[in-house]
Amino acid sequence: MSESRFPEFTLEMRKTHKILAPTMLPIHFDIIAPIFRSYGYDIEVLENYDSDVINEGLRNVHNDICYPAMLVIGQMIDALKSGKYDTDHTALMITQTGGGCRASNYIFLLRKALENCGLGHVPVISLNMTAFDKKSGFAFTVPMLIKLVFALTYGDMLMCLYNQCLPYEQNKGDSKKILDRWIEKLVGQMDGKGFVRVKKNYKAILRDFAAIPRTDVKKPRVGIVGEIYMKYSPLGNNRLEEFLVNEGAEPVVSGVADFMLYCFENISVDYKLYGNNRFARFPAKILSSYMIMRQKQMIKAIGKHGVFNAPTSFVELKNMSEGYIGKGTKMGEGWLLTAEMLELIHSGVNNIVCTQPFGCLPNHIIAKGMMKKIKEHHPDANIVAIDYDPSATKINQENRLKLMLANADGGRKVFNKTNSNKEKISV
Ligand code: SF4
């Protein structure tokens with residue numbers, strides 16, 4: 001099938017078209033979307049979360065396809081059919097990781113689904129690291145890329161601090177207020193130099209989160225790992241972070257910079273193992289060094305401040321899966337997922353939820369497949385794999401999570417008193 005039969009997003013369309021992007025990382029996307037807008041792309045991150053999304057996914061994507069593809073495509077088709085958008089002046093944006101997994105092929109599934117729905121005239125933009133083509137209607141520029149790297153590290157920092165404050169806040173809503181205030185402030189700084197003066201911003205962000213009145217109740221810390229969409233997207237994981245907080249736990253979620261750095265690292269691995277990507281590895285190396293520098297700066301700021309747990313840098317993380325899984329295992333989240341579980345355990349977070357999407361063979365191997373080995377070396381690890389698919393009921397997922405929480409901290413966990421499930425559960 002030739003790609004040229006599909007409508008392209010042209011330069012002129014920048015002025016005439018709204019661009020819809022699927023949801024995934026709410027905090028990060030609130031900072032990233034305005035960056036795209038400031039470069040002339042009228043982007044909107046979708047917020048349609050209801051059951052029509054998965055129904056559209058099931059209707060328009062083959063039922064063998066992994067669950068994230070169904071949700072991403074379902075969400076876009078549902079939005080286009082909602083009547084809210086003029087489909088003659090709307091384009092869609094989707095990421096392509098460039099790896100061997102289906103994430104590189106969602107775009108073709110989306111285009112086929114659009115044609116089936118009579119929406120074949122809607123152009124689809126592929127967001128990938130080769131989008132530097134000036135002739136295309138969508139292109140990265142170096143300044144834009146630099147701003148995006150800053151936005152990713154701000155997003156990672158805000159997510160990290162928010163998750164450490166929300167479960168302990170004394171006045172409901174305080175953490176969200178600080179989070180929203182900082183997103184607004186960072187977006188406001190985007191056009192000037194303030195946005196890139198990170199040291200000053202980091203200090204002020206840390207000061208504001210640390211000033212939130214918090215209880216000193218000890219709560220179980222629960223790490224979330226998994227396929228990238230399921231790990232972060234509230235649509236994919238049925239608002240997992242919110243659920244854990246309501247159940248009296250503290251969610252621990254690593255930043256998205258690690259996943260980006262993992263993708264860059266895989267380019268070098270490909271070259272070492274197969275001689276592929278000879279030329280791509282140079283720009284990947286430059287970008288990755290830059291991201292590592294930014295990530296280290298953010299981690300240092302949190303560590304120096306001394307109130308919150310700082311994340312582990314990618315440089316340390318990438319060696320953690322050694323002895324468990326080879327670097328050549330890089331479909332889906334590959335060795336990164338194993339490394340993330342080990343990193344959580346090393347930093348004292350023994351309770352881990354591994355989000356598993358339906359139809360995802362790679363993550364069944366690198367997540368479920370590695371759990372036995374991890375537990376052999378770390379008998380205190382309390383890891384649960386939760387399956388997400390169109391037919392899995394939320395209640396089943398929640399019951400498995402409650403069972404895991406009951407085992408948290410050696411089974412001493414008592415559920416949140418505000419929750420309907422008040423009794424102590426012992427297993
Ligand atoms: S990692 Fe799994 S869920 Fe993600 S694209 Fe690949 S098969 Fe699909």
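Reply: Start with helix α5, residues 106-116, which lies across strands β3 and β4. Its direction makes about 170° with β4. Helices (H or I, at least four residues) and strands (E, at least two) are DSSP runs numbered from the N terminus. Angles run from 0 to 180 degrees between N-to-C directions, with axes fitted to C-alpha atoms, for helices over the stretch in contact. The model is predicted: local features need pLDDT of at least 70, side-chain atom pairs count only at pLDDT 80 or more, and totals for chains, interfaces and linings use all residues. Numbering starts from 1 along each chain as its sequence is written, and side-chain values use heavy atoms, without hydrogens and water.

Now the sheet under that helix. It is open and has four strands, in the order β2-β1-β3-β4. The pairing is parallel; a pair needs at least two DSSP bridges. At the edges sit β2 and β4, the latter spanning 124-127, and each pairs on one side only. From one strand to the next, the twist averages 30°.

Take the β3 and β4 pair. Strand β3 covers residues 90-95 and is joined to β4 by four bridges in the parallel sense. Within this pair, I94 stands opposite S126 of β4.

Next, follow α2 to its helix partner. α2 takes in residues 26-38, and its axis comes within 8 Å of the axis of α6, residues 142-165. The two axes cross at roughly 160°. From α2, the contact (heavy atoms within 4.5 Å) uses I27, H28, I31, I32, I35 and F36. From α6, the contributors are M144, K147, L148, A151, L152, Y154, G155, D156, L158, M159 and Y162. By class, this contact has 13 nonpolar residues, two polar and two charged. Here Ala, Val, Leu, Ile, Met, Phe, Trp, Tyr, Cys and Pro are nonpolar, Asp, Glu, Lys and Arg charged, and the others, Gly among them, polar.

α6 has a further packing partner. It packs with helix α12, residues 281-305, at an angle of about 35°. Their axes lie 10 Å apart. On the α6 side, the contact is made by L145, I146, V149, F150, L152, T153, D156, M157, C160 and L161. On the α12 side it is made by L287, Y290, M291, R294, Q295, M298 and I302. Sorted by class, the α6 and α12 contact holds 13 nonpolar, two polar and two charged residues.

Last, another sheet. It is an open sheet of four strands, ordered β6-β5-β7-β8, with parallel pairing. Strand β7, residues 351-357, runs parallel to β8 and is joined to it by seven bridges. Within that pair, I352 has I383 of β8 as its bridge partner.
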